[in-house]
Amino acid sequence: ALGTATFPADSKLVYQTSVPVSEAIAYYPGSSITVGQSSVVSQNIPAIAAGGLASAQPAGEGCNTVQPDGNGFNATTFEGMMAAKKGTPCNFGPASFVYAGQTYTAPSNEVWAWTSLNIGLVGTVPINTGIAPGFYTGNTRYRLAFKGTGANAITYYACQERFSDGATRACVEIGTGTYAIATLGDARVMTFSNAPAQTAPLTFNLALVERNGLVYSGYQNKLVVSSAARLNATAGNALFTQLGLPQLDSSVPVALTAASYQGRWEVRDSAATSGATVVFINANGTSSCQDYKTLVNSACTATITNPVTGAFTLSSATGIASGTFNFLTGVVSGTYS
């Protein structure tokens, strides 16, 4: 592709090794009022959090209780969340599903997601596609619960992943540790110690953030040494020219266009307690909407009327809106009729 082309004078190749000394705790604050569909941690009522064998419990009680909003309710404090995450799953007995004309079964159907916290996933087997390896994918889902002896005790688990839908099942204890709570800025943060060796492939550690009346699932990247090779601007632009790509000039300020606002914008009434409308803006200027809670798609037209300020108008079958998409902060504001 490059033929006999050579790099011009002043071209440089820079080798860089980065050794981090600390990492910030981070979390995603979006969709904070939609239970079970955001980074907000959900918890269940005490009857469900207590777990047990569903078949041994009366109808409408214990594990057979109808959950609020289908996924429990949003956790608001660490203390309330910990009380509901004791690693006591509801067991609904033998389980099975049919895939590609074949029935796959497991001896128990324990729902661990209700009473423990997700740490991360190790494995790349896809869910509900291709050849089924069995009832479980073979991937490992790691979780923890606030269970054990001593102060601030936690227990770590390695769990199976159901092939049909990725649900967490068949967890076994793999270690113990402790949690710590600190105040950072206007938030309380929870971190965890003594993670089992099996979780080493994960590039981050679980961290929780309690802020503005909600508990969020966040992360803290591990201190991983990384190496990179980079071209300077002279060499990079020379290579771009050979590949037919536009040259870059870092001294030219960003010029916002309508395409700058492509992506996903979540719009809701400032006083709403549930739900949201997701506005998708595409690079070619088209747009669509979706109800975040029901996932039902609908037609809508979002028009960027001033790319510099992010001013927009939105029209749909249910009403019209106008306001501003803030390119720098990612915040949308305006009015809806």
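Where is the place of F7? F7 sits in the segment before β1 (13-18); helices (H or I, at least four residues) and strands (E, at least two) are DSSP runs, numbered from the N terminus. This is a predicted model, where local features need pLDDT of at least 70, side-chain atom pairs count only at pLDDT 80 or more, and totals for chains, interfaces and linings use all residues. Residues are numbered from 1 along each chain as its sequence is written, and side-chain values use heavy atoms, leaving out hydrogens and water.

**View 1. F7 and its surface patch.** At 49% relative accessibility, F7 counts as partly exposed, because that label lies between buried (under 20% relative accessible area) and exposed (over 50%), with a 1.4 Å probe and protein chains only. Together with L13, Y15 and L231, F7 makes a nonpolar surface patch of about 460 Å².

**View 2. The open sheet.** Its 8 strands follow the order β2-β16-β15-β14-β13-β12-β11-β10, with antiparallel pairing; two strands pair if DSSP finds at least two bridges between them. β2 (25-26) and β10 stand at the edges with a single partner strand each, so one side of each has no neighbour in the sheet.

**View 3. β2 beside β16.** Antiparallel β2 and β16 (residues 214-221) are joined by 2 bridges. I25 has Q220 as its bridge partner in β16.

**View 4. Around L144.** Leaving aside residues up to four places away in sequence, L144 touches residues including L117, I154, Y156, F192 and L206, where contact means heavy atoms within 4.5 Å.

How values were computed
Patch = residues over 30% accessible without salt bridge, like charges linked within 9 Å, V, L, I, M, F, W, Y side chains within 5 Å. Areas by Shrake-Rupley, 256 points an atom, 1.4 Å probe, with all protein chains shown as cover. Salt bridge = Lys/Arg side-chain N within 4 Å of Asp/Glu carboxyl O.
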